[in-house]
Amino acid sequence: MAAATEADHVKIVLLGGRWAGKSSSGNTILNKEVFGIGAQTEACVMETNKIAGTQVTVVDTPSWNWVPAEDTSDELKQELKRSVEMLGDGPHAFLLVYPLGAPFVKRHKIAVQEHLELLGSDVWDHTMVLFSRGDWLGKKTIEEHVEGVKEELKWLVEQCKDRYHVLNNKVRTNEMQVIELLEKIKRMIYAKRKSSKTEPPESKFSFFLFFIFCRQYLPLLLIIVYNKK
């Protein structure tokens with residue numbers, strides 16, 4: 001994934017199933033009509049715009065049906081993988097778009113889990129839930145809504161380490177909702193970068209210890225084995 005070396009450029013991939021509101025959310029984020037609405041996206045589309053001083057690049061992907069990944073066409077799977085390649089060193093964030101008010105049951109959970117696995121083992125470390133249809137909330141806040149969701153949707157939020165946001169795509173003039181989303185993504189980027197700097201590289205350290213052990217004791221072990229023969 002992208003290394004977040006440039007705080008003024010945020011790279012996003014939109015993911016989701018049919019009728020989730022990905023293209024509409026992409027238009028809201030970029031503050032312009034660039035992704036087609038009404039027809040299903042057949043191939044990845046990438047667009048860029050400057051939002052509140054931040055260069056934002058968004059890749060809209062084809063929607064999957066709410067079925068296991070094995071029932072998804074090879075062409076769609078390839079497009080999902082291509083979305084990462086289009087951004088060079090990869091995205092800073094995958095936004096998993098899901099509409100508020102729509103049920104999220106076991107088959108939705110399976111579809112999400114298996115399709116995201118196509119993008120790598122660490123995909124969840126870079127994923128945030130983006131709830132579309134923010135107007136459905138009414139006077140309720142998104143935090144209040146998330147507190148009361150059922151088990152499957154709670155699983156989704158927890159998989160994303162409680163990272164989520166909501167967009168009302170009917171009010172594109174509300175730039176603050178997009179600015180807040182970008183700030184959340186930037187905090188996710190910085191947290192990931194800080195974690196990679198502070199956490200001990202366990203695998204490398206273990207290999208180093210193994211190397212030292214072999215260097216010091218392997219000749220001795222070989223001599224012992226040879227003498228026994």
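This is a predicted model: local features need pLDDT of at least 70, side-chain atom pairs count only at pLDDT 80 or more; totals for chains, interfaces and linings use all residues.

Trainee: Where is the place of Thr61 in the chain?

Mentor: Look in the loop that links strand E3 (54–60) to helix H2 (74–85).

Trainee: Is Thr61 buried or exposed?

Mentor: Under 20% relative accessible area is called buried. Thr61 has 0% relative accessibility, so Thr61 counts as buried.

Trainee: Which residues does Thr61 touch, leaving out those up to four places away in sequence?

Mentor: Among them are Val13, Leu14, Leu15, Lys22 and Thr41. Cys44, Leu80 and Ser83 are touched as well.

Trainee: Now the strands. How should I read a sheet?

Mentor: In general, strands of a sheet pair through backbone hydrogen bonds, either parallel or antiparallel. Here six strands make an open sheet with mixed pairing, and the order is E2-E3-E1-E4-E5-E6. At the edges sit strand E2 (45–51) and strand E6 (164–166), each pairing on one side only. On average, neighbouring strands of this sheet are turned by 25 degrees against each other, direction ignored.

Trainee: How many bridges join E2 to E3?

Mentor: Seven, and E2 and E3 run antiparallel. As one example, Thr48 has Thr57 in E3 as its bridge partner.

Trainee: Which strands does helix H1 lie across?

Mentor: Helix H1 (residues 22–30) lies across strand E1 (9–15), E2, E3, strand E4 (93–99) and strand E5 (127–132). Relative to E3, helix H1 runs at about 170 degrees.

How values were computed: Residues are numbered from 1 along each chain as its sequence is written. Side-chain values use heavy atoms; hydrogens and water are left out. Helices (H or I, at least four residues) and strands (E, at least two) are DSSP runs, numbered from the N terminus. Buried means under 20% relative accessible area, exposed over 50%, partly exposed in between (1.4 Å probe, protein chains only). Contact means heavy atoms within 4.5 Å. Two strands pair if DSSP finds at least two bridges between them. Axes are lines fitted to C-alpha atoms, for helices over the stretch in contact, and angles run from 0 to 180 degrees between N-to-C directions.
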